[in-house]
Number of protein chains: 2
Amino acid sequence: MPLPSSVTVHAPATIANVGCGFDVLGLCLTAPYDTITLRRCEQPGLTITHLDDYHLPTDPTHNVAGAALLALLREVPETLGFEVEITKGIRPGSGIGSSAASAAGAVVAANALLGNRFDNKQLIDMAMYGEAVASGVRHADNIAPAICGGFTLVRAVQPVLDVVALPAPALWVAVVHPQFEVKTKEARAVLPTQVPLSLAVRQWANVGGLVAGFLTQDFELIGRALDDYIVEPARAALLPGLGDAKKRALAAGALGGGISGSGPSIFMLNKDEATAHAAAEAMGAVYQKMGIAFHLHVGPIATQGARVVNF
Amino acid sequence: MPLPSSVTVHAPATIANVGCGFDVLGLCLTAPYDTITLRRCEQPGLTITHLDDYHLPTDPTHNVAGAALLALLREVPETLGFEVEITKGIRPGSGIGSSAASAAGAVVAANALLGNRFDNKQLIDMAMYGEAVASGVRHADNIAPAICGGFTLVRAVQPVLDVVALPAPALWVAVVHPQFEVKTKEARAVLPTQVPLSLAVRQWANVGGLVAGFLTQDFELIGRALDDYIVEPARAALLPGLGDAKKRALAAGALGGGISGSGPSIFMLNKDEATAHAAAEAMGAVYQKMGIAFHLHVGPIATQGARVVNF
């Protein structure tokens, strides 16, 4: 069967950090997602078109999908290029892996057009060049779940990328995206450079507990272990409504949660769909009262990451 | 069936910290173990006899088994006491949970004489009073595996004890116990009070990776994730031969390892019995060459902790 000349991929939103797992843990959502169509061209180079209203750069070196595809093309011996059409379903700056989705979706689409010659680890490595365009750092905590699906642990980025992809627990995620901006640079600037060893120990006890809870589907343990003692307290001041939204979601039955990535979105994990809707509504009500516009997303943790939806 | 009036328990050695998991992770060994016999008396109080040559205190408030049993007796409404005979199979000060074994074994024995009315969490809580006698701190990282067996994560001690007992990976442990003393107080004093956030993140990535590796039996991941970036570098100067012993054990095929507890013992995890013996011999050879006497222990991770061996 000849390889297709065109492919469309859905590339989903992701939750980075996941409570206590700053810079390390990630979860894949089913929605929202970016839709990315690639057409293979015999002439080299990339042509990028955005079919949305976010006015993102289309110069390949300044576009997250473009930078990821350029990294992929460096590993391809044959002469070829791509026409790329991107429809952002994930709002840029929402904190649910918008840039990672476009970068991950682009390399997954290109890989399909090339007979799936690259494995997930290679695709993650390429897509991280997109994150470098978006934030200046080649980080993988959104890219890994956007490509692998489920629940991922980025054990190391340097000297060798080490991503552990694990089966997703059967949980439902509630996300509120309040419509204000948290600059990634500012979110980084408020972090302490040193932390008390005693607090670091409590944090890694929670990371171990959260991984154990996910793998054994122990929802009560997940609830206890999600708490972030280091990063969330430092960032809380940048996120009006955070404490109140979490409190209301917990009262609605959520297991626990926290800032998604560096915000402004807040995620809560829930044992079932009904509780996830209740938690989302409870968080929305907080922002409604504050007069801050918001979007809600509710869905299960996705077992699959970016995927081809048609040739 | 009436309750027995006398019981004997084997209480095994344990590995606390387990590489990256300082103050949090623990593993149970099958040997060496302490042998503890309890006889129920109708008159209150404890009489402790040591059938070994370690000259440990026999005053109940200064004996680890005694302090643990006094905590247990505070929870028992009826008037009773115990005659306690302890044969230490685990050398005090070896760093493989000698005090934890005696404390854990004592409360497990007493519980058997009382119809097993206490659960593991209650027994851990009581046995921690023994650790307070030994080191001044009510810590659970050896007590938890000594009671639960397998692999344990102490997620929290305060405000509420939260111990996660998990199935043991099918690994073999090699331990070398070089015959010099590391004072727990000194081992605590060399720890940094603050750690760089970047290093703490690498450490909790490893804790997450190690827990995932244990639960999915991914031995290569376990090997990569064992490394301790924070505590072992600080303590290495107290442990002559550590770097060399680890290097030789790795060359012999061990997956990884580190200081057991606060030392002086060093543990290495191995995929099978033959490799564990090779790793133990390789570590022994290092101390042989240094003119330091040593003991070797090789065995699987125990699925069971302290256990009744006869009534």
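Guide: Two residues are in contact if their C-beta atoms, placed from the backbone, lie within 7 Å. In chain A, 72% of the contacts between residues at least 6 apart in sequence join residues at least 24 apart. This is a predicted model, where local features need pLDDT of at least 70, side-chain atom pairs count only at pLDDT 80 or more, and totals for chains, interfaces and linings use all residues. Residues are numbered from 1 along each chain as its sequence is written, with chains lettered from A and ligands numbered from 1 in the order in which they are written.

Visitor: What makes you say that the copies meet through the same surface?
Guide: Of the interface residues of chain B, 100% are also interface residues in chain A, so the surface is the same.

Visitor: What is chain A built from, in secondary structure?
Guide: Ten helices and twelve strands, where helices (H or I, at least four residues) and strands (E, at least two) are DSSP runs numbered from the N terminus.

Visitor: Why is chain A called as compact as a globular protein of its length?
Guide: The radius of gyration is taken over C-alpha atoms, and the globule rule is 2.2 Å times the number of residues to the power 0.38. For 311 residues the rule gives 19 Å, and chain A has a radius of gyration of 19 Å, so the description holds.

Visitor: What share of chain A is buried?
Guide: The share is 56% of the 311 residues; a residue is buried if 20 or more other C-beta atoms lie within 10 Å of its own.

Visitor: Which parts is chain A divided into?
Guide: Domain 1 (6-167 + 302-310) and domain 2 (172-299), with bounds from an automatic or database domain assignment. Their contact takes 24 residues from domain 1 of chain A and 32 residues from domain 2 of chain A. On the domain 1 side, β1 (6-16), β2 (25-41) and β5 (151-156) of chain A each give two or more residues. The largest share, five residues, comes from β2(A).

Methods. Buried ≥ 20, exposed ≤ 12 C-beta atoms within 10 Å, placed from the backbone.
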